Amino acid sequence: MPDTLPFYRRLAGWRIAGWSAAAALLALSAIAMQFTNEVDWTGSDFVFAAVLLLVTGLAAEGGLRLARSWPQLIGFAFFTFTAFFTIWVNLAVGIIGSEDEAINTGFLVLLLLGIVASAVGLFKPRPMSAITGVLSVSQLAMGLAAMRAMPGHQAEWGVLLMFATLWLGASLAFRRDAAQVG
């Protein structure tokens, strides 16, 4: 295929695989419930997971349509995956402590602010690089805030570093794209 085709057309197979993986995640939970008591989802859990996977898939599709280069596509992929993972982990078990800890709301607020700022910046590479860079640093800042707000509680630095690294990956990809564009 010529390089002039849009990314979303050139990556049709990956798009099908992504939507299939989302459906498989829902099916896997339903199947696991048949074999173990460790997985105990309610109908509302399945609805929430389906909505979250749908929104993530649509965000990925949007990134494919907006991307004009491979670094920008990689940046959108990092952004979308990290946003999904932030919500999933935070609501399932909590990034710091349990999902009921108030500090975990901060991660969702930061993500929402990042999404709004991205839209205001029209998803352009330079603003996206700055926004994801701030999100990267904010992961570690939230760990420090948790240490102050929750005396005697250990912050999960490995998890925070993983999220910071994912956001940093997005930032570097967008920065590279911005440098190529000029």
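Helices α3 (residues 43–66) and α4 (residues 70–92) pack at an angle of about 165 degrees, and their axes sit 8 Å apart. Axes here are lines fitted to C-alpha atoms, for helices over the stretch in contact, with angles taken between N-to-C directions on a scale from 0 to 180 degrees. The two helices, α3 and α4, are therefore roughly antiparallel to each other; angles over 145 degrees get that label, while those under 35 count as roughly parallel, 65 to 115 as roughly perpendicular and the rest as oblique. The crossing of α3 past α4 is right-handed. For handedness, a crossing is right-handed if the near helix is turned clockwise from the far one by less than a right angle, and left-handed if anticlockwise. On the α3 side the contact uses Phe48, Ala49, Leu52, Leu53, Thr56, Ala59, Ala60, Gly63, Leu64 and Leu66, and on the α4 side Gln72, Leu73, Phe76, Thr80, Phe84, Ile87, Trp88 and Leu91. Contact means heavy atoms within 4.5 Å. Sorted by class, the contact of α3 with α4 has 14 nonpolar, 4 polar and no charged residues. Nonpolar covers Ala, Val, Leu, Ile, Met, Phe, Trp, Tyr, Cys and Pro, charged covers Asp, Glu, Lys and Arg, and the others, Gly among them, go down as polar.

A word on the model itself. It is a predicted one, in which local features need pLDDT of at least 70 and side-chain atom pairs count only at pLDDT 80 or more, whereas totals for chains, interfaces and linings use all residues. Residues are numbered from 1 along each chain as its sequence is written, and side-chain values use heavy atoms, with hydrogens and water left out.

Zooming out, the protein has 7 helices and 0 strands, giving the pattern α-α-α-α-α-α-α along the sequence. Helices (H or I, at least four residues) and strands (E, at least two) are DSSP runs, numbered from the N terminus. The C-alpha trace spans about 55 × 45 × 25 Å along its principal axes. Of the 182 residues, 36% count as buried, where buried means under 20% relative accessible area, exposed over 50%, and partly exposed in between (1.4 Å probe, protein chains only). Among contacts with a separation of 6 or more, 68% come from residues 24 or more positions apart.

Back to α4, which has other partners. With α7, helix α4 packs at an angle of about 160 degrees, the axes being 8 Å apart. That makes α4 roughly antiparallel to α7. Here α4 passes α7 in a left-handed crossing, and the residues of this contact divide into 16 nonpolar, 6 polar and 2 charged. The axes of α4 and α5 come within 10 Å and cross at roughly 155 degrees, which makes α4 roughly antiparallel to α5. The crossing of α4 and α5 is left-handed as well. From α4 the contact takes Phe79, Ala83, Thr86, Ile87, Asn90 and Leu91, and from α5 it takes Asn104, Phe107, Leu108, Leu111, Gly114, Ile115 and Ser118. The contact of α4 with α5 comes to 8 nonpolar, 5 polar and no charged residues.

The lengths of two helices were also checked, taking the expected span as 1.5 Å times one less than the number of residues. For the 24 residues of α3 this gives 34 Å, in agreement with end C-alpha atoms 34 Å apart. Buried residues of α3 include Thr56, Gly57, Glu61 and Gly63. In α7 the buried set includes Trp167, Phe174 and Asp177, and the buried residues of α7 pack against α4, α5 (103–120) and α6 (125–149).

Serine 118, in α5, is buried with a relative accessible area of 1%. Leaving out residues up to four places away in sequence, serine 118 touches Phe79, Phe123, Met128 and Ile131. Serine 29, in helix α2 (residues 12–35), is buried at 12% and, on that basis of counting, touches Val39, Trp41 and Phe46.

Finally, the loop between α5 and α6 holds leucine 122 and phenylalanine 123. Leucine 122 has a positive phi of about 60 degrees although it is not a glycine, and phenylalanine 123 has one of about 55 degrees. Leucine 122 is exposed, at 59% relative accessible area, while phenylalanine 123 is partly exposed, at 30%.
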